[in-house]
Structure formats: structure tokens, C-alpha cells
Amino acid sequence: MRASRLVSLLLLLQTRGRMTAAELAEALEVSVRTVYRDVESLGASGVPVYAERGPAGGYRLLDGYRTRLTGLTAGEAEALFLSGVPGPAAELGLGSVLATAELKLRAALPSDLADRGARIRQRFHLDAPTWFREPEPTPHLAALAAAVWEDRRVRVRYRRWKTPREVTRTLDPLGVVLKAGRWYLVAAAGGQVRTYRVGAILELAVLDEPADRPAEFDLADCWREQASRYERGVYRAEARVRMTASALAQTVYLFPPAMSRAAHEHADTPDADGWVTTTVPIESVRHGCVEMLKLGAQVEVLAPAELRDRVADTAHALAALYARSEGVRPQQPAAGACG
């Protein structure tokens, strides 16, 4: 373990340049004291690593020094083959590049590691899109990815959900993200970082202007924060409901993740009939009605009253629609029904 950590420390300094002890400790998941000892060990073994003092200091390798300790372990080779994503790579215009890189990797590896990589590919497959959803057309994705890579500003005509439905924006593209089979663009506009669905871009023009990219921007951190903010912001109300224990278990499959998590977190102890009372977040009364009807007669809305009335109206409309009346056409669904 220590030998592997020393190699990792050396490769970190070689690829990233100067790093502080704290940065190395975080990357290696060890204490700062361990980093001090490891750096001393590298120096004692002849590796030209030295420390720079001061606020902007840290450890670095002597200019021009490069190690040849880049051999892959069996696990590392397997992980590289497992990380192959031919579908998304092709959408980005990198399908042939990825295939060529994989061929070169297999040719460079010892035969036993190349065979292990082939076995991984035959036994594990990544299918990113969710069930029951056709792939969303993204004709501008490849050009957009190129603009992100080259730090070029773009002008897009974009279709959004609110009026005016179509808008034109000049954006500083910061990255693209594949989430549940859909591509999203993370970009800066008007001093704010926003997210745009690539499939909603109607026209794209790559401008001959450099994009303004913040020096400390981290795409993964930004996406996590944006996703969390969206989830917090989309649910603007709450519903108090009672449901059977069986329905509570089904929420994992029928409700959006945030609603299901809340239903389990807030659920009280089942009563004598096996019903639990809990609170779930909802986007709106209409949204809450649609979600509650997924559980049928296994859920009862207690509050808000408007949601309870909406679900009741829908239930009455369904009962009327399916009533067995000879020669009598059922009444039209109530105006307050979901839909």
C-alpha cells in the first residue's frame, strides 16, 4: 500500500506541478503528516522533489524530471476498460477517437492485462438513458462540445418552458453533462452560471470570441450544486398524507427520488391497520394529484385541502366514467380533476 501511495504521490507532482501538503493529503486520502514522511522517503530514494516556502509554496519536482513508473496494475487496466462509454462518446463526435485509443491501450498492455480488459467489456455494459424514453435528438452537441473544449463563446436560440418560449442568448460554455440519458450545457450568462438542455437548442453559432472561464471553476462541483438547487427549488409545497406500508415501499419506484426519500424520512409508526402518516414535497397541487393517483386507494391526502379536493374530484370522475349504466353515457370528468 505504501509503495503504491509513493508512486501516486510522484505521479501527482509530475502531472499537476506544484502541490501543497494539504492538497496531496486530500488527493491521497491520508494525513498531512503522512505526506511529509512520504516526501522524505522519495527524496531519500533519489527523486528530486523539493519544497517551496511561503503562501504560494508547496512541493514540486525538479524541472524536466519525469518518472517512467507508469505501469498499470490489473485493477487499473480493468477500470480503464470499464470506463468506456462508446454511446456518449459517439454523440460528442469522439466515437472513432475512443475506439482508436482503446486499440492503442490494448496493444500497449501485456497480453494478460489486455485479456482482462476484454473480459470486463464482455461482462459489464453502461446504458445511461432511463427506461421508456427515446434518445433526445442533439444535433448541436458535437459543435457545442468543440466550443467547450476550445473555450469559444456561443450564441444559441433556445426553447424554454416559460414565455417567451424562444430566446437568444450569448453564452460562455463551461462544460457538458450527461444526466439520465440527456445532455446539458453548463454555461455562464450575465454573470450567472446556468444549465441548458442541449436538446432544446434550436440554433447554435460558435463565435470567434474567447469564452470567459473562471479560473477556479470545477464542473463536477458546479453540477452537484446546480442539481441540488434545482431539487430544492422545484418543490414549493408539501402534502400531508397517510398511506399503507405497502404503498410507502412502492414510492421508491413510483415517486421522484426527493418525494420518496421524504416519505420514508417523515413516516411515523404504522397504526393497527398498517397505515402510516408522512409528509412529502410537491411542485404544485396538480403535480401532487398526479403523483398521489399512482398509489390508487392506498393513499389518502390529508392536507392541503385543495389537493385533497382535487384527488377526490378525480376519483369521482373515474367512478362515473366506469359506472355500469345501461344506455347512459357517463358524465364528463370534473373540472378540478388531474390532467
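Because the model is predicted, local features need pLDDT of at least 70 and side-chain atom pairs count only at pLDDT 80 or more, whereas totals for chains, interfaces and linings use all residues. Residues are numbered from 1 along each chain as its sequence is written, and side-chain values use heavy atoms, with hydrogens and water left out.

Helices (H or I, at least four residues) and strands (E, at least two) are DSSP runs, numbered from the N terminus. Helix α2 (residues 21–28) and helix α3 (residues 32–44) cross at roughly 100 degrees, and their axes come within 8 Å; axes are lines fitted to C-alpha atoms, for helices over the stretch in contact, and angles run from 0 to 180 degrees between N-to-C directions. Ala21, Ala22, Leu24 and Ala25 of α2 meet Val32, Val35 and Tyr36 of α3, contact meaning heavy atoms within 4.5 Å. This contact comprises seven nonpolar, no polar and no charged residues (Ala, Val, Leu, Ile, Met, Phe, Trp, Tyr, Cys and Pro count as nonpolar, Asp, Glu, Lys and Arg as charged, and the others, Gly among them, as polar). In the loop between α2 and α3 lies Glu29, whose phi is near 60 degrees, a positive value in a residue other than glycine. Most residues other than glycine have a negative phi, and most peptide bonds are trans.

Helix α12 (residues 285–293) packs against helix α13 (residues 305–321) at an angle of about 50 degrees, with the axes 9 Å apart, and the two helices are therefore oblique to each other. The contact involves Val285, Arg286, Gly288, Cys289, Met292 and Leu293 of α12, together with Glu306, Leu307, Arg310, Val311 and Thr314 of α13; by class, the contact has six nonpolar, two polar and three charged residues. A cis peptide bond, with omega about 5 degrees, joins Ala303 and Pro304, and Pro304 lies in the loop between β10 (299–303) and α13.

Space within the model was examined on a 1 Å grid over the protein atoms alone, on which a cavity is a set of points where a 1.4 Å probe fits but cannot get out, and a pocket is an open set with protein on both sides within 12 Å along at least five of seven lines; lining residues have an atom within 4 Å of a point. Grid points are joined across faces, edges and corners, and a volume is the space filled by probe spheres set on the points. The largest pocket holds about 2000 Å³ and is lined by 35 residues, of which Trp161, Tyr184, Thr195, Tyr230 and Val234 lie nearest its centre. Two or more lining residues come from each of β3 (152–159), β4 (166–179), β5 (182–189), β6 (192–197), α9 (219–234) and α11 (257–265), with α9 giving the most, eight residues. The lining divides into 17 nonpolar, four polar and 14 charged residues. In the loop between β3 and β4 is Pro164, which is joined to Thr163 by a cis peptide bond with omega about -10 degrees.

One cavity of 30 Å³ or more is counted. The largest cavity has about 40 Å³ of space and is lined by Pro129, Arg133, Glu134, Pro135, Glu136, Gly181 and Arg182, a set of two nonpolar, one polar and four charged residues.

Key
Parallel < 35°, antiparallel > 145°, perpendicular 65-115°, else oblique.
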